Amino acid sequence: MRRFAPMLLAAVALLASACEKKTQPAASGEGTKGGQTAQPATTGGGGTQGDTILLGEVGSLTGAQATFGVSTRNGIELAIKEANEAGGVKGKKIAVRVYDDQGRPEEAAQAVTRLITQDKVVLILGEVASSNSLAMAEKAQGAGVPMITPSSTNPAVTQKGDYIFRVCFIDPFQGYVMAKFARENLKAEQVAILQDNKSAYSIGLTEVFQRKFAEMGGKVTTTESYSQGDTDFRAQLTALKKAKPQAIYVPGYYSDVGVIARQARELGLTVPLMGGDGWDSEKLFELAGDALNGSYFSNHYSPDNPDAKVQKFIADYKKAYGGVPDALAALGYDSAKVAVAAIGKAKDLSGPAIRDAIAQTKDFPGVAGTISLDENRNAVKPAVILKVGDGKTEFVTTINP
Ligand code: PHE
C-alpha cells in the first residue's frame, strides 16, 4: 500500500492548484480532465514552447486496474526527473501532461485527442491494457504523433501504424513462453483456459497458448470465458473442473484473477493456475490471499535480477515511492528513457523526426531488458517466469525469444 501514498499526495496537490487556476474544482466526472495531473514544470498553456518539451501520458490512475496506471506513472516520473537533472534534452526541460482514463478505452482515446489538439504534446506514453492502447493508437497514428506503449503486448497495437511503438515483447511470444513452461517444466498434458472476453490481451494470449500448447503435444481440454469486472466465476470453474485439467491458464488482469483463484480453491480445484504479465500487481496478493501460492505467471522483469542498473533503479524507486517496482514501473521508466533519447537524436521536434529516431532504437539498456526495436516497432526480449509465494513472487527461469 505504501507505494501509492506519494501519488495520492501529488494528485491532491495538483487538484488544489487546478482549483486556484480555474476557480472551480476539477470534478472527477469531467471527462478525462478529472484525473489530470501535471509535473511541476507544466504550468498553464501547454504545448512545446520556450524551454520546455511537453510529453503526454495516459493511464488508469483510478478504476479496477489502478495499480497499472500508478506504477507506470511512478516509473515515468522517475525517468523524467533523472533526465531533467542531467540537463534535459535539446537544451530544454521535459514535462509530462498526464490524463487518467479510469481504465476505459473511450476515455483513453479522448485523452489522446486532448493531448494532441489542446496540449500539443510531441509524443505520447501509454497505455498498459492493450484494449486501451488500441483505442489510443488509432488517434495518435491518425494525427502523426508518435506513441510508445510501455507494456501493451497485443500484436495489433503497433500494427495500427508507423507512429506506434512499444518497449516490451508481444503476446505471440508470451503465449509461447507459458505453453513451453507448462509442457516442459510442469509436464502438463491437459490444461484448461479461462479467458476474459472483454480484453484484446486475454483473447490474444488464449489463442496463442492454445495453438502452441497443441504444437508441443499438449491438449487444451476446455476454454471458458468471463467479462472483466465479473464477481462470480463458479459456473465456469465448475465446468473446467469436470475436464480434470493439470493446470489452468488464466490470462487476465490481477483484479479478476485474485477472485478467480479464491473461488477455484473453494470449489476444490487445487491445480496450479498460470497467467501472463496481467497478474503483476501488489494487489494480487491482497485479492487472492494464499489461493495463488504455487501458481506461475510470465512477466517482463524480476526484481531479483542482480544487474547493477536494475538494482540502482529499484533502490531509487524505493526511495521515491516506498515499494519494490513492478514490471509496469520498470517498463514505464524504460519507455520514458527511450522517448527522451529519441527526442535528443531527432533532427527536430516534428512527429516524423521523432518517429524516425524512435524507430532506430537499438541495444538500449532498459531496466526491463535490452531494447532493440524490430521493423514492426516491437521490442524483442526474453520473458521471465515468476512463482507466486506468500505475498511475493519468486524468480523461476528466463525464456529467450
Ligand atoms: N500486457 C498487458 C496488456 O497488454 C498489460 C500489462 C503489462 C499488465 C505488464 C501487467 C504488466 O494488456
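Contact, in this presentation, means heavy atoms within 4.5 Å. With that term in place, I turn to the structure itself. This is a predicted model, in which local features need pLDDT of at least 70 and side-chain atom pairs count only at pLDDT 80 or more, while totals for chains, interfaces and linings use all residues. Residues are numbered from 1 along each chain as its sequence is written, and side-chain values use heavy atoms, with hydrogens and water left out.

Leaving aside residues up to four places away in sequence, Gln-246 touches Ala-188, Glu-189, Gln-190, Val-271 and Pro-272. Gln-246 sits in the loop between α7 and β9. Helices here are DSSP runs of H or I with at least four residues, strands are runs of E with at least two, and both are numbered from the N terminus. Although Gln-246 and Glu-189 are 57 residues apart along the chain, their C-alpha atoms are separated by 7.2 Å. The side chain of Gln-246 also reaches the backbone nitrogen of Glu-189 at 2.5 Å.

Gln-246 has 38% relative accessibility, so it counts as partly exposed.

The loop that holds Gln-246 also contains Lys-244. Phi of Lys-244 is near 50°, a positive value in a residue other than glycine. Lys-244 is exposed because its relative accessible area is 67%. For context, most residues other than glycine have a negative phi, and most peptide bonds are trans. A cis peptide bond is present between Gly-126 and Glu-127, with omega of about -10°. Glu-127 is in the loop between β4 (124-125) and α4 (130-143).

We now move to a buried position. Ser-298 is part of strand β11 (residues 296-299), and it counts as buried because its relative accessibility is 0%. Which side chain does the side chain of Ser-298 join in a polar contact? The partner is Gln-174, at 2.9 Å. A polar contact is a pair of N or O atoms within 3.5 Å; within protein, one must be able to donate a hydrogen and the other to accept it, and residues adjacent in sequence count only if both atoms are side-chain atoms. Not counting residues up to four places away in sequence, Ser-298 touches several others, including Val-177, Met-178, Asp-277 and Ile-385.

Next, consider a pair of helices. Helix α2 (residues 66-85) packs against helix α10 (residues 308-321) at an angle of about 105°, and their axes are 11 Å apart. The two helices are therefore roughly perpendicular, a term for angles of 65 to 115 degrees. Among the residues that meet are Ser-71, Leu-78 and Glu-82 in α2, and Phe-313 and Tyr-317 in α10.

Finally, the chain as a whole. It has twelve helices and 15 strands, and buried residues make up 55% of its 401 residues. Of the contacts between residues at least 6 apart in sequence, 68% join residues at least 24 apart.

Note on methods: Axes fitted to C-alpha atoms, helices over the stretch in contact; angles between N-to-C directions. Parallel < 35°, antiparallel > 145°, perpendicular 65-115°, else oblique. Buried < 20%, exposed > 50% of the residue type's maximum accessible area, 1.4 Å probe, protein only.
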